[in-house]
Amino acid sequence: MTAFLTSIFIFFLTIIEQVNKTVRPFHLAFPVHDLEKTKKFYTEILGCGVGRSSDKWIDFNFFGHQVVAHLVTQKNLEREKNKVDNKNVPTEHFGIILNMPDWKKLALRLEKKGVHFIIKPYTRFKNLPGEQATMFFLDPCGNALEFKAFKQDSEIFKTS
């Protein structure tokens, strides 16, 4: 095999290795007590697309991931919180890690739409490993969402 063909072969092996490392979409289901308010919030406020649905659930395209709102008869009870960076973070929450420009755009859009933040947009762990911009708010059924962006994506799991 010539050096050229060997380099092409190694190039394609590298591409295949990278493709195999690609993150797959996650699936998350969560309870809601009002499907119409939930649909309006996730589509009009967050900009999510709608997939399949019924009178008991709705699939949303949540930044390329599948989240499903399931109708429940009982409203959510008060949720526990833990202190993180001196803030009361809801223990049950979900969200997405955006890049910093997209996070800033979303924060502005949420503020313009009058979304009430339970933790206003700010930077936590400043000048430490894992420095990140974060914000928390509730959907109309009380589910906590966190949107964050790391100063450096390479520090998402960094401890020191």
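Colleague: With which residues is L46 in contact, leaving aside its neighbours within four places in sequence?

Modeller: First, a word on the source: this is a predicted model, in which local features need pLDDT of at least 70 and side-chain atom pairs count only at pLDDT 80 or more, while totals for chains, interfaces and linings use all residues. Residues are numbered from 1 along each chain as its sequence is written, and side-chain values use heavy atoms, with hydrogens and water left out. Contact means heavy atoms within 4.5 Å. By that criterion L46 is in contact with F41, F62, F63, L106, R109, L110, F137, L145 and F147.

Colleague: Which residues touch the most other members of the largest nonpolar core?

Modeller: A nonpolar core is a set of buried Ala, Val, Leu, Ile, Met, Phe, Trp, Tyr and Cys residues joined through side-chain atoms within 4.5 Å. Buried means under 20% relative accessible area, exposed over 50%, and partly exposed in between (1.4 Å probe, protein chains only). Here the largest core has 29 residues, and L46, F137 and F147 touch the most other members. Elements that give two or more residues to this core include α2, α3, β9 and β10.

Colleague: How many helices and strands does the protein have?

Modeller: Helices (H or I, at least four residues) and strands (E, at least two) are DSSP runs, numbered from the N terminus. The protein has three helices and 10 strands.

Colleague: Which residues of α3 are buried, and where around the axis do they lie?

Modeller: An α-helix has 3.6 residues a turn, so residues three or four places apart point the same way. In α3 the buried residues are W103, L106, A107 and L110. They cover an arc of only 100° around the axis (taken from the directions from the axis to the C-beta atoms), which puts them on the same side of α3. The face turned away from that buried side carries the exposed residues K105 and K112. Cover for the buried residues of α3 includes α2 (35-45), β8 (117-124), β9 (132-138) and β10 (144-150).

Colleague: Is E155 buried or exposed, and what does its side chain reach?

Modeller: E155 lies in the segment after β10 and is buried, with a relative accessible area of 18%. A polar contact is a pair of N or O atoms within 3.5 Å; within protein, one must be able to donate a hydrogen and the other to accept it, and residues adjacent in sequence count only if both atoms are side-chain atoms. The side chain of E155 reaches the backbone nitrogen of G130 at 2.9 Å.
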